[in-house]
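Visitor: I would like to go through this model one feature at a time. Please start with the helices.

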Amino acid sequence: MTVLSIDKVSKRYGKVQALDQVSVEASSGMRTAVVGPSGSGKTTLLRMIAGFETPDSGSVSVGGEVLADAHRSMPAHLRGIGIVAQDGALFPHLTVADNIGFGIPRGDRERTERVLSLLEMVELEPGMLTRRPHQLSGGQQQRVALARALACRPRLMLLDEPFSALDTGLRENMRKTVARVLQAAGVTTILVTHDQEEALSFADRLVVMREGRVVQAGTPQDLYFHPNDRATALFMGDAVLLPAIAKGSVAACALGNVPIVGEHKGKVEIMLRPEQIRIATDGSQQDNTGQVVDVEFSGATSTIAVALNGVALPPIRIKTSSVALPAPGAYVRLDVAEKAHVLEG
Ligand SMILES: Nc1ncnc2c1ncn2[C@@H]1O[C@H](COP(=O)(O)OP(=O)(O)OP(=O)(O)O)[C@@H](O)[C@H]1O
């Protein structure tokens with residue numbers, strides 16, 4: 001069942017077309033991440049759903065009810081939408097208990113019980129209830145903000161870069177906790193983030209925006225392995241892009257004859273993710289694809305730059321396990337482990 005439906009929404013600020021005919025749908029219980037470079041319109045879209053902006057044209061509906069179009073806009077507080085902002089935006093003068101219970105009427109007999117169960121849901125100890133926000137860590141503040149947003153039993157949850165202020169380790173941990181909590185609560189969620197890795201691991205579905213438009217939407221696997229174009233390919237992660245001549249299901253390129261997804265003919269550009277390429281260090285001077293020009297050690301994995309034989313292309317960079325690394329100058333053979341993706345256009 002579709003919970004959120006954004007239909008051809010446009011928004012202009014002076015000369016800037018912040019949103020241009022944007023359509024997005026989110027099904028019940030799904031987690032959708034909106035990603036895109038800075039200025040692509042992500043925040044404007046989120047603010048539009050929340051009710052802080054009104055569309056010039058198009059409509060925003062939740063649960064089949066039109067919340068906003070060019071003629072009307074339901075006030076934000078009546079929309080039944082929960083929001084967790086980047087900094088948590090907790091009320092500094094209120095305790096954790098009062099922050100979480102803020103949207104639950106004081107006279108509600110089950111208020112205390114509900115606050116406790118929300119606290120437990122976000123994995124915080126009951127001892128925290130009497131603390132104020134400044135006595136909490138960044139991660140704990142975000143958990144309280146999530147509990148507060150869930151307290152109103154929202155029909156939709158908006159997450160605006162909620163992990164960006166946290167350290168890397170904590171960030172990953174929080175991402176998992178928040179995904180688990182939202183899944184358990186069955187709340188349909190929209191996450192806005194700069195971080196494509198975060199989007200890939202958090203969401204069931206990704207929407208990629210560029211210059212106010214949705215350029216591609218799909219599962220994380222779709223977007224990562226089958227981006228429509230070069231810009232999305234590079235935005236979603238490290239990519240090896242090579243010119244090639246396609247003939248049916250094979251393309252001839254600097255890595256040899258590589259199997260490709262689908263059938264193509266003539267000049268194309270193919271994409272492989274670095275982990276789809278294996279380095280064989282037994283390449284002799286006769287049987288090799290290129291020469292190692294740089295090795296960048298970074299713990300468990302390393303990045304190896306390989307200059308390909310006979311092509312005027314920059315060295316390709318491949319992430320590999322740091323075990324038995326080749327040395328700079330070594331000849332290596334590169335084997336393609338999976339079918340390459342052919343980019344459009
Ligand atoms: N209130 C406003 N007045 C004028 N221009 C605005 C306003 N809000 C956004 N814009 C412009 O609209 C465009 C989209 O901005 P938006 O904040 O939605 O992008 P974003 O993808 O969220 O960027 P970031 O990742 O940097 O937060 C930008 O060019 C921005 O400068």
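Guide: In this predicted model, helix α3 passes helix α4 in a right-handed crossing.

Visitor: At roughly what angle do the axes of α3 and α4 cross?

Guide: The axes of α3 (residues 111–121) and α4 (residues 138–151) cross at roughly 135° and come within 9 Å. Angles over 145 degrees count as roughly antiparallel and 65 to 115 as roughly perpendicular, with the rest oblique; α3 is therefore oblique to α4.

Visitor: Which residues make the contact?

Guide: From α3 come Arg-114, Leu-118, Leu-119 and Met-121, and from α4 come Ala-147, Leu-150 and Ala-151. By class, 6 of the contact residues are nonpolar and 1 is charged, with no polar residue.

Visitor: Next, the strands. How do strands of a sheet pair?

Guide: They pair through backbone hydrogen bonds, in either the parallel or the antiparallel sense. Here, β11 (residues 240–253) and β12 (residues 256–272) are antiparallel, with 13 bridges between them.

Visitor: Which strand is joined to β12 by 2 bridges?

Guide: That is β18 (residues 341–342), which runs antiparallel to β12. Met-271 has His-341 of β18 as its bridge partner.

Visitor: How many bridges join β14 to β15?

Guide: There are 8 bridges between β14 (residues 290–298) and β15 (residues 301–308), and the two strands run antiparallel. Gln-291 has Ala-307 in β15 as its bridge partner.

Visitor: Last, the ligand. Which residues surround the ligand?

Guide: The surrounding residues are Tyr-13, Val-16, Ala-18, Gly-36, Ser-38, Gly-39, Ser-40, Gly-41, Lys-42, Thr-43, Thr-44 and His-194. The shell divides into 8 polar, 3 nonpolar and 1 charged residue.

Visitor: Which element gives the most to that shell?

Guide: Helix α1 does, with 3 residues. Both β2 (16–27) and α1 (42–50) supply at least two residues of the shell.

Terms used: Residues are numbered from 1 along each chain as its sequence is written. This is a predicted model: local features need pLDDT of at least 70, side-chain atom pairs count only at pLDDT 80 or more; totals for chains, interfaces and linings use all residues. A residue is near a molecule or strand if its C-beta atom, placed from the backbone, lies within 6 Å of it. Helices (H or I, at least four residues) and strands (E, at least two) are DSSP runs, numbered from the N terminus. Ala, Val, Leu, Ile, Met, Phe, Trp, Tyr, Cys and Pro count as nonpolar, Asp, Glu, Lys and Arg as charged, and the others, Gly among them, as polar. Axes are lines fitted to C-alpha atoms, for helices over the stretch in contact, and angles run from 0 to 180 degrees between N-to-C directions. Angles under 35 degrees count as roughly parallel, over 145 as roughly antiparallel, 65 to 115 as roughly perpendicular and the rest as oblique. A crossing is left-handed if the near helix is turned anticlockwise from the far one by less than a right angle, and right-handed if clockwise. Two residues are in contact if their C-beta atoms, placed from the backbone, lie within 7 Å. Two strands pair if DSSP finds at least two bridges between them.
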